[in-house]
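This report looks at how two chains are related and at how one of them is built.

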There are 2 protein chains.
Amino acid sequence: MKIIILAFGNFNNSAYKVLFDEFLKRISYKVELKELKLKNSNNLNSELLKNKECELILNNLESDSVLIALDEKGRQFDSVEFAKILNNYQLNSSSKITFVLGGADGLDQKIISKANLVMSLGKMTLPHLMARVVLIEQIYRAQTIIKNHPYHRV
Amino acid sequence: MKIIILAFGNFNNSAYKVLFDEFLKRISYKVELKELKLKNSNNLNSELLKNKECELILNNLESDSVLIALDEKGRQFDSVEFAKILNNYQLNSSSKITFVLGGADGLDQKIISKANLVMSLGKMTLPHLMARVVLIEQIYRAQTIIKNHPYHRV
(Lines give C-alpha, C1' and ligand atoms only; values in the text may rest on other atoms or scores of the structure.)
Protein backbone atom coordinates (compact mmCIF):
# COMPACT_ATOMS: atom_id res chain seq x y z
CA MET A 1 0.00 0.00 0.00
CA LYS A 2 1.24 3.46 -0.89
CA ILE A 3 0.41 6.51 1.20
CA ILE A 4 0.53 9.96 -0.38
CA ILE A 5 0.39 13.15 1.68
CA LEU A 6 -0.65 16.26 -0.24
CA ALA A 7 0.11 19.43 1.69
CA PHE A 8 0.62 23.12 1.02
CA GLY A 9 3.78 24.96 1.93
CA ASN A 10 7.29 23.85 2.46
CA PHE A 11 9.19 22.18 5.29
CA ASN A 12 12.46 23.83 4.28
CA ASN A 13 14.99 22.87 6.92
CA SER A 14 12.73 23.21 9.94
CA ALA A 15 12.81 21.00 13.02
CA TYR A 16 9.39 19.76 11.84
CA LYS A 17 11.18 18.12 8.90
CA VAL A 18 13.62 16.36 11.24
CA LEU A 19 10.70 14.84 13.17
CA PHE A 20 8.74 14.00 10.00
CA ASP A 21 11.72 12.21 8.46
CA GLU A 22 12.38 10.34 11.69
CA PHE A 23 8.90 8.74 11.57
CA LEU A 24 9.01 8.35 7.79
CA LYS A 25 12.04 6.10 7.91
CA ARG A 26 10.40 3.83 10.49
CA ILE A 27 7.29 3.28 8.34
CA SER A 28 7.23 0.23 6.09
CA TYR A 29 4.43 1.53 3.81
CA LYS A 30 5.72 3.53 0.88
CA VAL A 31 4.99 7.15 1.83
CA GLU A 32 5.31 10.11 -0.49
CA LEU A 33 4.99 13.72 0.65
CA LYS A 34 3.96 16.03 -2.19
CA GLU A 35 4.41 19.67 -1.22
CA LEU A 36 2.05 21.83 -3.27
CA LYS A 37 2.61 25.48 -4.06
CA LEU A 38 0.18 27.94 -5.62
CA LYS A 39 1.66 30.54 -7.91
CA ASN A 40 0.56 34.16 -7.66
CA SER A 41 -1.74 33.58 -4.72
CA ASN A 42 -0.93 36.72 -2.73
CA ASN A 43 -3.89 38.79 -3.78
CA LEU A 44 -6.59 36.14 -3.63
CA ASN A 45 -9.37 36.28 -1.07
CA SER A 46 -10.06 33.24 1.10
CA GLU A 47 -12.68 31.66 -1.19
CA LEU A 48 -10.65 32.13 -4.38
CA LEU A 49 -7.57 30.79 -2.62
CA LYS A 50 -9.40 27.63 -1.54
CA ASN A 51 -10.69 27.30 -5.12
CA LYS A 52 -7.22 27.46 -6.60
CA GLU A 53 -5.89 25.08 -3.96
CA CYS A 54 -8.74 22.71 -4.78
CA GLU A 55 -7.72 22.69 -8.46
CA LEU A 56 -4.12 21.97 -7.54
CA ILE A 57 -5.15 19.13 -5.22
CA LEU A 58 -7.35 17.56 -7.90
CA ASN A 59 -4.52 17.82 -10.44
CA ASN A 60 -2.24 15.97 -8.05
CA LEU A 61 -4.74 13.34 -6.93
CA GLU A 62 -4.30 9.92 -8.50
CA SER A 63 -7.65 8.65 -9.73
CA ASP A 64 -7.24 5.17 -8.22
CA SER A 65 -6.54 6.50 -4.70
CA VAL A 66 -8.71 6.59 -1.61
CA LEU A 67 -8.96 10.21 -0.42
CA ILE A 68 -8.82 11.16 3.28
CA ALA A 69 -9.28 14.89 3.92
CA LEU A 70 -7.96 16.40 7.15
CA ASP A 71 -10.30 19.03 8.47
CA GLU A 72 -10.90 20.39 11.98
CA LYS A 73 -14.61 19.69 11.55
CA GLY A 74 -14.07 16.07 10.52
CA ARG A 75 -14.52 12.94 12.63
CA GLN A 76 -12.03 12.24 15.35
CA PHE A 77 -10.61 8.78 15.87
CA ASP A 78 -8.35 7.49 18.58
CA SER A 79 -5.09 5.89 17.47
CA VAL A 80 -6.47 2.34 17.59
CA GLU A 81 -9.52 3.30 15.51
CA PHE A 82 -7.24 5.05 13.01
CA ALA A 83 -5.09 1.91 12.77
CA LYS A 84 -8.23 -0.13 12.02
CA ILE A 85 -9.19 2.28 9.25
CA LEU A 86 -5.77 1.99 7.58
CA ASN A 87 -5.78 -1.77 8.03
CA ASN A 88 -9.26 -2.10 6.52
CA TYR A 89 -8.27 -0.14 3.43
CA GLN A 90 -5.29 -2.43 3.09
CA LEU A 91 -7.39 -5.59 3.55
CA ASN A 92 -9.83 -4.30 0.95
CA SER A 93 -6.96 -4.07 -1.50
CA SER A 94 -6.83 -0.29 -1.68
CA SER A 95 -3.40 0.22 -3.17
CA LYS A 96 -3.22 3.97 -2.51
CA ILE A 97 -4.41 6.30 0.21
CA THR A 98 -4.01 10.05 -0.21
CA PHE A 99 -4.21 12.31 2.84
CA VAL A 100 -4.81 15.94 2.00
CA LEU A 101 -4.09 18.83 4.37
CA GLY A 102 -5.54 22.21 3.50
CA GLY A 103 -3.78 25.55 3.35
CA ALA A 104 -4.16 28.25 6.00
CA ASP A 105 -7.88 28.65 5.31
CA GLY A 106 -8.74 24.97 5.23
CA LEU A 107 -10.07 22.82 2.42
CA ASP A 108 -12.55 23.71 -0.30
CA GLN A 109 -15.99 22.12 0.09
CA LYS A 110 -15.45 20.25 -3.19
CA ILE A 111 -12.56 18.31 -1.63
CA ILE A 112 -14.55 17.63 1.54
CA SER A 113 -17.43 16.26 -0.56
CA LYS A 114 -15.14 14.14 -2.74
CA ALA A 115 -13.26 12.60 0.21
CA ASN A 116 -13.92 9.00 1.25
CA LEU A 117 -13.32 10.12 4.82
CA VAL A 118 -13.01 13.52 6.52
CA MET A 119 -11.01 13.25 9.71
CA SER A 120 -9.86 15.68 12.37
CA LEU A 121 -6.66 15.52 14.42
CA GLY A 122 -8.42 17.36 17.27
CA LYS A 123 -10.39 20.53 17.94
CA MET A 124 -7.33 22.73 18.38
CA THR A 125 -5.88 24.51 15.37
CA LEU A 126 -2.38 23.27 14.62
CA PRO A 127 0.29 24.97 12.48
CA HIS A 128 0.19 23.19 9.10
CA LEU A 129 3.74 21.81 9.44
CA MET A 130 2.90 20.45 12.89
CA ALA A 131 -0.22 18.77 11.47
CA ARG A 132 2.01 16.87 9.03
CA VAL A 133 4.17 15.62 11.91
CA VAL A 134 1.13 14.55 13.96
CA LEU A 135 -0.24 12.72 10.89
CA ILE A 136 2.99 10.84 10.06
CA GLU A 137 3.41 9.87 13.71
CA GLN A 138 -0.15 8.47 13.73
CA ILE A 139 0.58 6.50 10.55
CA TYR A 140 3.69 5.07 12.22
CA ARG A 141 1.71 4.40 15.41
CA ALA A 142 -1.02 2.69 13.35
CA GLN A 143 1.60 0.41 11.83
CA THR A 144 2.90 -0.54 15.29
CA ILE A 145 -0.68 -1.20 16.48
CA ILE A 146 -1.40 -3.41 13.44
CA LYS A 147 1.88 -5.31 13.97
CA ASN A 148 1.42 -5.53 17.73
CA HIS A 149 4.69 -3.69 18.32
CA PRO A 150 5.07 -2.23 21.86
CA TYR A 151 5.47 1.44 20.72
CA HIS A 152 1.78 2.08 21.44
CA ARG A 153 0.93 1.51 25.09
CA VAL A 154 -2.73 1.08 25.90
CA MET B 1 0.89 35.24 35.28
CA LYS B 2 3.33 32.38 35.47
CA ILE B 3 2.80 29.11 33.64
CA ILE B 4 4.50 25.95 34.88
CA ILE B 5 4.62 22.76 32.84
CA LEU B 6 5.31 19.59 34.82
CA ALA B 7 6.25 16.69 32.58
CA PHE B 8 8.04 13.37 32.82
CA GLY B 9 11.07 12.50 30.77
CA ASN B 10 13.68 14.59 29.11
CA PHE B 11 13.88 16.58 25.88
CA ASN B 12 17.62 16.05 25.60
CA ASN B 13 18.66 17.57 22.29
CA SER B 14 15.70 16.40 20.25
CA ALA B 15 14.04 18.38 17.46
CA TYR B 16 11.05 18.60 19.83
CA LYS B 17 13.17 20.85 22.04
CA VAL B 18 14.00 23.13 19.10
CA LEU B 19 10.27 23.60 18.39
CA PHE B 20 9.37 23.98 22.08
CA ASP B 21 12.04 26.66 22.59
CA GLU B 22 10.92 28.47 19.43
CA PHE B 23 7.39 28.95 20.85
CA LEU B 24 8.69 29.55 24.36
CA LYS B 25 10.66 32.60 23.32
CA ARG B 26 7.63 34.14 21.61
CA ILE B 27 5.45 33.84 24.74
CA SER B 28 5.28 36.85 27.04
CA TYR B 29 3.98 34.92 30.08
CA LYS B 30 6.74 33.56 32.24
CA VAL B 31 6.85 29.83 31.41
CA GLU B 32 8.83 27.25 33.30
CA LEU B 33 9.23 23.64 32.16
CA LYS B 34 10.00 21.29 35.04
CA GLU B 35 11.16 17.91 33.79
CA LEU B 36 10.43 15.26 36.40
CA LYS B 37 12.29 12.01 36.77
CA LEU B 38 11.41 9.02 38.92
CA LYS B 39 14.31 7.12 40.40
CA ASN B 40 14.33 3.31 40.37
CA SER B 41 11.06 3.02 38.46
CA ASN B 42 12.04 0.16 36.15
CA ASN B 43 10.40 -2.65 38.03
CA LEU B 44 7.15 -0.94 38.97
CA ASN B 45 3.83 -2.06 37.53
CA SER B 46 1.57 0.52 35.92
CA GLU B 47 -0.45 1.34 39.06
CA LEU B 48 2.61 1.68 41.31
CA LEU B 49 4.34 3.80 38.67
CA LYS B 50 1.40 6.21 38.46
CA ASN B 51 1.38 6.33 42.26
CA LYS B 52 5.04 7.28 42.45
CA GLU B 53 4.58 9.83 39.66
CA CYS B 54 1.63 11.27 41.54
CA GLU B 55 3.80 11.80 44.64
CA LEU B 56 6.47 13.51 42.55
CA ILE B 57 3.88 15.79 40.90
CA LEU B 58 2.40 16.76 44.27
CA ASN B 59 5.87 17.50 45.64
CA ASN B 60 6.51 19.83 42.71
CA LEU B 61 3.13 21.52 42.68
CA GLU B 62 3.03 24.98 44.18
CA SER B 63 0.09 25.25 46.56
CA ASP B 64 -1.11 28.60 45.18
CA SER B 65 -1.32 27.36 41.59
CA VAL B 66 -4.30 26.44 39.44
CA LEU B 67 -3.85 22.85 38.20
CA ILE B 68 -4.72 21.78 34.65
CA ALA B 69 -4.23 18.07 34.00
CA LEU B 70 -3.74 16.85 30.44
CA ASP B 71 -5.48 13.57 29.87
CA GLU B 72 -6.82 11.89 26.73
CA LYS B 73 -10.19 11.46 28.45
CA GLY B 74 -10.43 15.14 29.43
CA ARG B 75 -12.51 17.86 27.78
CA GLN B 76 -11.45 19.13 24.40
CA PHE B 77 -11.40 22.82 23.62
CA ASP B 78 -10.73 24.57 20.37
CA SER B 79 -7.93 27.15 20.36
CA VAL B 80 -10.28 30.10 20.93
CA GLU B 81 -11.97 28.38 23.89
CA PHE B 82 -8.54 27.55 25.33
CA ALA B 83 -7.49 31.20 24.98
CA LYS B 84 -10.63 32.23 26.89
CA ILE B 85 -9.80 29.80 29.69
CA LEU B 86 -6.26 31.19 30.06
CA ASN B 87 -7.56 34.73 29.86
CA ASN B 88 -10.22 34.09 32.50
CA TYR B 89 -7.68 32.70 34.94
CA GLN B 90 -5.59 35.80 34.35
CA LEU B 91 -8.57 38.13 34.81
CA ASN B 92 -9.45 36.32 38.04
CA SER B 93 -5.97 37.11 39.32
CA SER B 94 -4.66 33.57 39.24
CA SER B 95 -0.95 34.18 39.40
CA LYS B 96 0.12 30.64 38.52
CA ILE B 97 -1.19 27.91 36.26
CA THR B 98 0.43 24.50 36.30
CA PHE B 99 -0.13 22.11 33.39
CA VAL B 100 0.72 18.53 34.18
CA LEU B 101 1.41 15.85 31.57
CA GLY B 102 1.44 12.24 32.71
CA GLY B 103 4.05 9.60 32.03
CA ALA B 104 3.60 6.77 29.52
CA ASP B 105 0.66 5.30 31.44
CA GLY B 106 -1.17 8.57 32.03
CA LEU B 107 -2.01 10.36 35.25
CA ASP B 108 -3.00 8.93 38.60
CA GLN B 109 -6.68 9.36 39.52
CA LYS B 110 -5.62 11.49 42.51
CA ILE B 111 -4.18 14.13 40.16
CA ILE B 112 -7.26 14.01 37.91
CA SER B 113 -9.49 14.56 40.96
CA LYS B 114 -7.34 17.37 42.31
CA ALA B 115 -7.17 19.25 38.98
CA ASN B 116 -9.18 22.44 38.43
CA LEU B 117 -9.57 21.35 34.81
CA VAL B 118 -8.87 18.12 32.93
CA MET B 119 -8.28 18.79 29.28
CA SER B 120 -7.45 16.67 26.26
CA LEU B 121 -5.38 17.66 23.24
CA GLY B 122 -7.37 15.24 21.07
CA LYS B 123 -8.41 11.58 20.95
CA MET B 124 -5.20 10.38 19.36
CA THR B 125 -2.32 9.28 21.57
CA LEU B 126 0.69 11.56 21.12
CA PRO B 127 4.30 10.87 22.11
CA HIS B 128 4.88 12.71 25.38
CA LEU B 129 7.47 15.08 23.93
CA MET B 130 5.13 15.93 21.06
CA ALA B 131 2.35 16.67 23.56
CA ARG B 132 4.60 19.29 25.19
CA VAL B 133 5.13 20.96 21.81
CA VAL B 134 1.41 20.96 21.00
CA LEU B 135 0.71 22.46 24.45
CA ILE B 136 3.30 25.24 24.21
CA GLU B 137 2.11 26.11 20.70
CA GLN B 138 -1.47 26.37 22.00
CA ILE B 139 -0.31 28.64 24.83
CA TYR B 140 1.44 30.84 22.26
CA ARG B 141 -1.63 30.72 19.99
CA ALA B 142 -3.85 31.64 22.97
CA GLN B 143 -1.67 34.68 23.61
CA THR B 144 -2.01 35.79 19.97
CA ILE B 145 -5.80 35.27 20.15
CA ILE B 146 -6.05 37.33 23.35
CA LYS B 147 -3.89 40.09 21.84
CA ASN B 148 -5.67 39.94 18.48
CA HIS B 149 -2.42 39.14 16.69
CA PRO B 150 -2.88 37.67 13.17
CA TYR B 151 -1.03 34.37 13.90
CA HIS B 152 -4.35 32.61 14.48
CA ARG B 153 -6.56 32.72 11.39
CA VAL B 154 -10.22 31.97 11.93
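Which rotation, with what shift along its axis, superposes chain A on chain B? In this predicted model, local features need pLDDT of at least 70 and side-chain atom pairs count only at pLDDT 80 or more, while totals for chains, interfaces and linings use all residues. Residues are numbered from 1 along each chain as its sequence is written, and chains are lettered from A and ligands numbered from 1 in the order in which they are written.

## Symmetry

A rotation of 180° with 0.0 Å of shift along its axis places chain A on chain B with an RMSD of 0.0 Å, by least squares on the C-alpha atoms of residues with pLDDT of at least 70 in both copies. That is the relation of a two-fold axis, and in chain A the C-alpha nearest this axis belongs to Gly122(A), 2.2 Å from it.

## Interface

Chain A and chain B each bring 23 residues to the contact, where two residues count as touching if their C-beta atoms, placed from the backbone, lie within 7 Å. On the side of chain A, two or more residues come from each of helix 1 (15-24), helix 3 (79-91) and helix 5 (128-146); helices here are DSSP runs of H or I with at least four residues, strands are runs of E with at least two, and both are numbered from the N terminus. Because 100% of the interface residues of chain A are also interface residues in chain B, the copies meet through the same surface.

## Sheet

Chain A holds an open sheet of five strands in the order 2-1-4-3-5, with parallel pairing, where a pair requires at least two DSSP bridges. Strand 2 (30-36) and strand 5 (117-120) of chain A are its edges. Six bridges join strand 1 (residues 2-8) to strand 4 (residues 96-101) of chain A, and Ile5(A) stands opposite Phe99(A) in strand 4.
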